[in-house]
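Trainee: I would like to learn how to read salt bridges in a model. Where do we begin?

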Amino acid sequence: MTAIDILLEVFTWIGFGGAFALAVVLVILWAADGTWLPADAIVDREGDDTVVRWFDADGDANSAIASPADAEVLAGASEASIWYKLGWRGRMRLQRRPAGLKTVILSAGGLLALGVLSFVASWVVYFARG
């Protein structure tokens with residue numbers, strides 16, 4: 001076995017193993033995140049706080065104080081499309097999935113691509129030798 005064979009073998013295992021490990025983490029994060037439903041909300045100001053108010057699927061009135069990052073996005077808006085956590089009060093966000101989930105998806109995809117490319121390259125090297 002040459003150094004290139006060893007290197008390709010290591011990258012293949014790292015790619016597929018890392019993609020599998022991150023896929024497991026992805027499923028755990030997705031399940032722990034829970035169910036979030038869309039709602040149309042009214043943006044209100046109370047002192048220095050930005051308060052978002054909406055009606056949930058059961059018809060109950062809900063409200064939440066926006067985080068500083070969300071308050072910056074909602075600055076000047078009177079209405080917004082939000083996502084609220086089913087079964088909870090005072091939990092809302094502006095995007096459906098958490099930002100960290102996208103990072104894990106892209107990382108798993110990158111490692112899977114590394115594994116596939118290394119695997120294909122090892123077969124190309126194998127057949128090129130004859």
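Predicted model: local features only at pLDDT ≥ 70, side-chain atom pairs only at ≥ 80, totals over all residues.

Trainee: Is aspartate 5 buried or exposed?

Mentor: The general idea is that a residue counts as buried when its relative accessible area is under 20%. Aspartate 5 has 15%, so aspartate 5 is buried.

Trainee: How many salt bridges does a search of the whole structure find?

Mentor: The search finds 5. One of them joins the side chains of arginine 89 and aspartate 60, at 3.7 Å from N to O. Arginine 89 sits in the loop between β4 (79–85) and β5 (92–93), and aspartate 60 in the loop between β2 (49–55) and β3 (61–65); the pair links distant parts of the chain, 29 residues apart. Arginine 89 is exposed, with a relative accessible area of 56%, while aspartate 60 is partly exposed at 33%.

Trainee: Which residues do salt bridges with shared partners join into one network?

Mentor: That network consists of Asp44, Glu46 and Arg53. Within it, the side chains of arginine 53 and aspartate 44 meet at 3.3 Å, N to O. Arginine 53 is partly exposed, at 31% relative accessibility, and aspartate 44 is also partly exposed, at 29%.

Technical notes. Residues numbered from 1 in each chain as written. Heavy atoms only, no water. Salt bridge = Lys/Arg side-chain N within 4 Å of Asp/Glu carboxyl O. Buried < 20%, exposed > 50% of the residue type's maximum accessible area, 1.4 Å probe, protein only. Helix = DSSP H or I, 4+ residues; strand = E, 2+ residues; numbered from the N terminus.
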